[in-house]
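Open the model in your viewer and keep the sequence panel beside it. The stops below say what to select next and what is there.

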Amino acid sequence: MTINTVVWGENIHEHINETVRSIYPNGMHNTIADALNQNPEISATTATLQEPEHGLSQERLDKTDVLVWWGHKDHGAVQDEIVERVAKRVWEGMGLIVLHSGHFSKPFKRLMGTPCALKWREAGERERLWTINPRHPIAAGLPEHFELENEEMYGEQFSVPEPLETVFISWFQGGEVFRSGLTWRRGAGNIFYFRPGHETYPTYHDANVQKVISNSVKWAYNPVGALTSIHAAPNVPVEQALEPIEERGPKLHKAGEAGYR
């Protein structure tokens, strides 16, 4: 089994901010992909905002098992056509891992249907992540808690739909807490949001963070294949009903005619 994974990166800060460039000289997306490729079950490649179709052609997405998404500075530059393409593939069963400031990304907001807003502060403070669901596959091999010495604070309220599961909760040096590892299912697709990852800190070089992302890719993977029928809305003829019935009353559509969308 090989999980075909695409790590999508906005790829802006690495080119305009010297601090970010010094931490991630090859880009955050490549750092994340390189860590994922240490797992023999995962084959990770990258895509960026600047590529044609943002590196996410229909052909490529059709072959993608899990998409990892990091964006921050220019969420609005992502074309709506690509957003719908990503959402469609998630509904069909592609996994989606959204990292840090990707909470405001167009694909995540499209799939959540809420503002996805939160409190924040840039102070380089300590973050302590508590593993509150230790038997969850995403938490496999992780300690009861681990710390990141410098991170951006995110605080509640996090305006997302009630998650299926909460795997991690973060505490920050300034006193705030945040639900930092959450899962959802949309259609046939598994979604995981993981909070850490501010670009001016070396978060994606941390072994525990890399472990969480690797575990989440394996958790989000759906080996069954694409559920393309999820988009179908067939008009079932009377003669195909499971039990004999007679038509009664007026109707808008002829037998077999497509409905309104």
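Helices here are DSSP runs of H or I with at least four residues, strands are runs of E with at least two, and both are numbered from the N terminus. This is a predicted model, in which local features need pLDDT of at least 70 and side-chain atom pairs count only at pLDDT 80 or more, while totals for chains, interfaces and linings use all residues. Residues are numbered from 1 along each chain as its sequence is written, and side-chain values use heavy atoms, with hydrogens and water left out.

**Whole protein**

Start with everything shown. The protein has seven helices and nine strands. Along the principal axes, its C-alpha atoms fill a box of roughly 70 × 40 × 35 Å. Buried means under 20% relative accessible area, exposed means over 50%, and partly exposed lies in between, with a 1.4 Å probe and protein chains only. By that rule, 48% of the 261 residues are buried. Contact means heavy atoms within 4.5 Å. Among contacts with a separation of 6 or more, 71% come from residues 24 or more positions apart.

**Helix α5**

Select residues 80-92, which form helix α5. This helix of 13 residues reaches 18 Å from its first C-alpha to its last, close to the 18 Å expected at 1.5 Å a residue; the expected span is 1.5 Å times one less than the number of residues. Its buried residues are I82, V83, R85, V86, A87, R89, V90 and E92.

Is R85 buried or exposed? Its relative accessibility is 9%, so R85 counts as buried. Leaving out residues up to four places away in sequence, R85 touches E53, L56, S57, Q58 and L61. Move on to E53, in the loop between β2 (42-48) and α4. E53 is not a glycine, yet its phi is positive, about 55 degrees. At 37% relative accessibility, E53 is partly exposed.

**Two more backbone stops**

Most residues other than glycine have a negative phi, and most peptide bonds are trans. Select N11, in the loop between β1 (3-9) and α1 (13-16). N11 also is not a glycine and has a positive phi, about 65 degrees; with 15% relative accessibility, N11 is buried. Then go to E156 and Q157, joined by a cis peptide bond with omega about 15 degrees. Q157 sits in the loop between β6 (145-155) and β7 (165-172).

**T131**

Select T131 in strand β5 (residues 119-131). T131 is buried, at 9% relative accessible area. Setting aside neighbours within four places in sequence, T131 is in contact with A139, L142, P143, E144, V167 and F168.

**Helices α3 and α7**

Finish with α3 (residues 28-36) and α7 (residues 207-220), which pack at about 70 degrees with axes 9 Å apart. The axes are lines fitted to C-alpha atoms over the stretch in contact, and angles run from 0 to 180 degrees between N-to-C directions. The two helices are therefore roughly perpendicular, a term for angles of 65 to 115 degrees. At this contact, I32, A35 and L36 in α3 meet Q210, I213, S214 and V217 in α7.

Definitions and conventions
Parallel < 35°, antiparallel > 145°, perpendicular 65-115°, else oblique.
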